[in-house]
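Here's a quick briefing for anyone meeting this structure for the first time. Take a look at the model, then go through the notes below.

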Amino acid sequence: MSIDDPHLRTPSGKPRLRAFSIALDGTPGRFNAITDVPGVTVGYTTLIAGDGALQVGTGPVRTGVTAILPRPRGELATPVFAGVFSQNGNGELTGAHIIEETGAFNLPITITNTHSCGVTRDGTLRWMSRVLPAALDSAWGLPVATETYDGFLNDINGHHVSFDHVASALDGATSGAVEEGSVGGGTGMISFGFKAGSGTASRIVEWQDRSSTLGVFVQANFGKRRNFTIRCSRVGLELVEPAIREATPRAEKGSIIAIIATDAPFLPHQMKRLARRVPLGIAMTGGYGYHSSGDIFLAFSTANPEAALAASGRIARAEFIPDVDIDPFFDAVVQGVEEAILNALVANEDMTGRDGNFVPALPKEWLKEKFG
């Protein structure tokens, strides 16, 4: 593998987990990212400004928005079969009710901080009315917008994410290699007392004579240091330093959002089954779903677009892999979630935010010594 291999480095050159020769399960896709699923794209707007004491409305700012488009721009009105699962409901994912009711959603997904979730939802509708107005001419829109809390580092009550920032993330969504770490909605996030945020991974699953891709994207903002685990080694017990520095008290408000995408043909109840396996991947890293954590997961399939659209007046037909053959896809979810979380931690640097609150990055030299 070369140094610019997307399995080893992000587009900006930050290391990924595989750069440290850590053995992992499963076969990743070309970019080891959710964008390995054909048609799925990711875009970011990252907001970092100011230092020093908190001035609500002014900063410091450490936040942003992530956009995930489940289909190409011109096809966003076509639903995708989907399922939602909440392991712990201290969080928000808009559009969940219609997904539970119909087993599908359309329009882009946005992920941001807790107090900007409404802005990204409404910003998505404004963007859709500009780029694909026919999708809303005679229909309502219920986009998925979701969040985790970044108030330890960010002026969260300053409401710095705007409609323009949402549009920028949506307009900038691309395929290929995906940046990770303190970018987009993950900019101000923390996991296991280390700087975390946005992470992704993918797996190739062979079934019969067809090859399918399953991709994962996480916004990781959860976990206690003592529980931190890498490949079944409970490393958090030895990582007392570097420590968070709390100039202001840090409330326990950790969460994780996970988005699962696949081009494998599955029905809505099967997508919910995939979403239910996300907590197993989180547990592999030491996440236990504590009280204040919002652990909410969405899985969707880009297959069967005609059936998902289900035009009036005729029988809709969908392909699907039988439930008895779903286990390899469960493997892929668990493997992908574990790696995506660890990628969010590895592809990161120290960050100082509001009031001088400091969050260290996972130390790279320690990783080399421990696993190299």
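Predicted model: local features only at pLDDT ≥ 70, side-chain atom pairs only at ≥ 80, totals over all residues.

Residues are numbered from 1 along each chain as its sequence is written, and side-chain values use heavy atoms, with hydrogens and water left out.

- Most residues other than glycine have a negative phi, and most peptide bonds are trans.
- Another cis peptide bond runs from Gly59 to Pro60, again with omega near 0°.
- You'll find Pro60 in the loop between β1 and β2.
- His159 isn't a glycine, yet has a positive phi of about 50°.
- Look for His159 in the loop between β6 (144–148) and α4.
- Ala310, also a residue other than glycine, has a positive phi near 45°.
- Ala310 belongs to the loop between α7 (305–309) and α8 (327–346).
- Ala310 counts as partly exposed because its relative accessibility is 43%; here buried means under 20% relative accessible area, exposed over 50%, and partly exposed in between (1.4 Å probe, protein chains only).

**The whole protein**

- There are nine helices and 14 strands in the protein, where helices (H or I, at least four residues) and strands (E, at least two) are DSSP runs numbered from the N terminus.
- The radius of gyration is 19 Å, close to the 21 Å that the globule rule gives for 372 residues, so the protein is as compact as a globular protein of that length. That radius is taken over C-alpha atoms, and the rule is 2.2 Å times the number of residues to the power 0.38.
- Along its principal axes, the C-alpha trace spans about 65 × 45 × 40 Å.
- Of the 372 residues, 59% are buried.
- Take the contacts (heavy atoms within 4.5 Å) with a separation of 6 or more: 79% of them are between residues 24 or more positions apart.

**Surface and charge**

- The protein has an accessible surface of about 14,600 Å², and carbon and sulfur atoms account for 51% of that. The areas come from the Shrake-Rupley method with a 1.4 Å probe; for residues, only the protein chains shown count as cover.
- The mean positions of the 32 positive and 39 negative charges are 2 Å apart. Lys and Arg count as positive and Asp and Glu as negative, while His and the chain ends aren't counted. Each charge is placed at NZ of Lys, CZ of Arg, CG of Asp or CD of Glu.

**Helix α4**

- Val166, Ala167, Ala169 and Leu170 are the buried residues of α4 (residues 163–171).
- They cover an arc of only 160° around the axis, which puts them on the same side of α4; the arc is that of the directions from the helix axis to the C-beta atoms.
- Among the elements covering these buried residues are β1 (41–49), β2 (61–69), β5 (109–113) and α2 (117–131).

**Exposed residues**

- Pro249 is in the loop between β10 (210–221) and β11 (255–262), and at 76% relative accessibility Pro249 counts as exposed.
- Pro249 and Leu47 are 202 residues apart in sequence and 23 Å apart in space, C-alpha to C-alpha.
- Asp4 belongs to the segment before β1, and at 60% relative accessibility Asp4 counts as exposed.
- Asp4 and Ala316 are 312 residues apart along the chain, with 45 Å between their C-alpha atoms.
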